[in-house]
Amino acid sequence: SILSVSGHANEVLTWDDCVRETSSNNLSLKAAKEDVNSFSYKKRALWSNFLPAVNAGLSDSYGNSSIRSGSVVTPGTGATSYYSVSVTASQNLFAGFQNKAQLDQAQANMEVKEWTLADVKAQISFNLTSAFAQLMYAEEYVKLTDDIVKRRGDNFNLVRLRFEGGNENKGSFLLSKATLDGAELDHIQALRFLEVAKQQLASVLGRNKLGDDIEIKGDVPLTQPDTNVDIKSISTSIPGHQKALSQVKASQSGLTIARSNFYPSLNLTGTSSRQGSSWFPQSRNWSVTLGLTIPLFNGGNDFYSTFSAASALSSTIYSQQDTDVQALFNIKQAYTSFLNAVEQVKVSNSFVAAATVRSEIGRAKYNNGILLFEEWDIIENDLINRQKTALQNLRDRIIAEAAWLQAQGKGVIK
């Protein structure tokens, strides 16, 4: 298995466990989902523009009044109450196509947030896969560096015996001791990196930290690269492309909204009221008003607002085109990196196999005194470096496939 980890711990986390926990608890994912909900409610609120608005009013006035007759003013005889109850209904009949444009813009903005959510899911899928692979790599690297310390220790003891027997020089002895010290430092650094990798996975899962005794089990599911990939087709189906198209639609609606200010507005209003000095007032009145408002001049605000909306539309169109151009490059790059990473794993494994055999032969020759320390040291260093590289390549292969899926807008978070 590739970078599989097993052991004994109080808590066991499999790959499927991590996917489920991330889907439920990742904070960036929660925020993106609530963003979609927010814009969904904003769209629903705009339907009110197509429905009548109904308001009720109630007033109670208390005071006195004077009566004027020619130049003579007679004061009121006393303070009285005056009650008024009314219900008013108004309906906009035409607003220069503004209501429809606002609804279309809200729909487009909601689509932007939905495609943003799809992008976030792809990003979080990559983050989860990368963090899981990093932690598996860190676990394996701790084991590898521990083995290297033991190997360097055995080598040092062998060199020391030959040095004490007069068959090796002091420089070789000191270099062997230095390589042992370096191996011990690598192991300490590997343990530190393990803690960082745990924190990285914890952040993706939505936790503050992972327990010290946690166990990561299993592998990240891997696939082989497709031989026939249509980069152009992929680029027009990714969330980034769809998001950019929705932003263009929102800007088009914004231009329609700006232009609506040049059109007249037609409203129908009906009012029914009761007024009188006693409660419940008995005097009944009603009215129906059909009002037409024609804009004439407002200091040029409408003109400049329209020019601004037109420029905003042009900007989003250019941004959409740029998004498509960049997507072609990103997808091609991710696919190429994926192919290279898969092949690199095969090559690095072959090098490890060859270096292992060379190391066994070299040790035997050095032990029998028919191989110089310098030559043996090169062989040993080559094996260790090949082992480290192979482990890194296994990790990078997992991350490269995750990046390829992300470039397509795909991932394990649904």
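Reader: What covers the buried residues of α1?

Author: Two terms come first. A residue is buried at under 20% relative accessible area, exposed at over 50%, and partly exposed in between, with a 1.4 Å probe and protein chains only. Helices (H or I, at least four residues) and strands (E, at least two) are DSSP runs, numbered from the N terminus. In this predicted model, local features need pLDDT of at least 70 and side-chain atom pairs count only at pLDDT 80 or more, while totals for chains, interfaces and linings use all residues. Residues are numbered from 1 along each chain as its sequence is written, and side-chain values use heavy atoms, with hydrogens and water left out. The buried residues of α1 are covered by elements including β1 (11–14), α2, α3, α4 and β6, where a contact means heavy atoms within 4.5 Å.

Reader: Which residues of α1 are buried?

Author: W15, C18, V19, E21 and T22 are buried in α1. In general, an α-helix has 3.6 residues a turn, so residues three or four places apart point the same way.

Reader: How many residues does the largest nonpolar core have?

Author: A nonpolar core is a set of buried Ala, Val, Leu, Ile, Met, Phe, Trp, Tyr and Cys residues joined through side-chain atoms within 4.5 Å. Here the largest has 51 residues, and L128, F132, L201 and L210 have the most contacts inside it. At least two residues of this core come from each of α1 (15–25), α2 (27–46), α3 (98–164), α4 (170–205), β6 (214–217) and α8 (373–407). The largest share, 19 residues, is supplied by α3. Another core, of 11 residues, lies apart from it, and I234, A334, Y335 and V342 are among its members.

Reader: Which residues does L210 touch?

Author: Leaving aside residues up to four places away in sequence, L210 touches L13, L135, K198, L201, A202 and L205.

Reader: At roughly what angle do the axes of α3 and α4 cross?

Author: Two packed helices are described by the angle between their axes and the distance between the axes. Axes are lines fitted to C-alpha atoms, for helices over the stretch in contact, and angles run from 0 to 180 degrees between N-to-C directions. The axes of α3 and α4 cross at roughly 160 degrees and come within 8 Å. That makes the two helices roughly antiparallel; angles under 35 degrees count as roughly parallel, over 145 as roughly antiparallel, 65 to 115 as roughly perpendicular and the rest as oblique. The crossing of α3 and α4 is left-handed, a term for a near helix turned anticlockwise from the far one by less than a right angle, with clockwise being right-handed. Their contact has 25 nonpolar, 11 polar and 9 charged residues. In this division, Ala, Val, Leu, Ile, Met, Phe, Trp, Tyr, Cys and Pro count as nonpolar, Asp, Glu, Lys and Arg as charged, and the others, Gly among them, as polar.

Reader: Which residues of α3 meet α7?

Author: R151, N155, L158, V159 and R162 in α3 meet S359, R363, Y366 and N367 in α7. The axes of α3 and α7 (residues 301–367) come within 11 Å and cross at roughly 20 degrees, and the helices are therefore roughly parallel. The crossing is left-handed.

Reader: Where is F97, and is F97 buried or partly exposed?

Author: F97 is in the loop between β5 (80–94) and α3. F97 counts as partly exposed, at 49% relative accessibility. Although F97 is not a glycine, its phi is positive, about 70 degrees.
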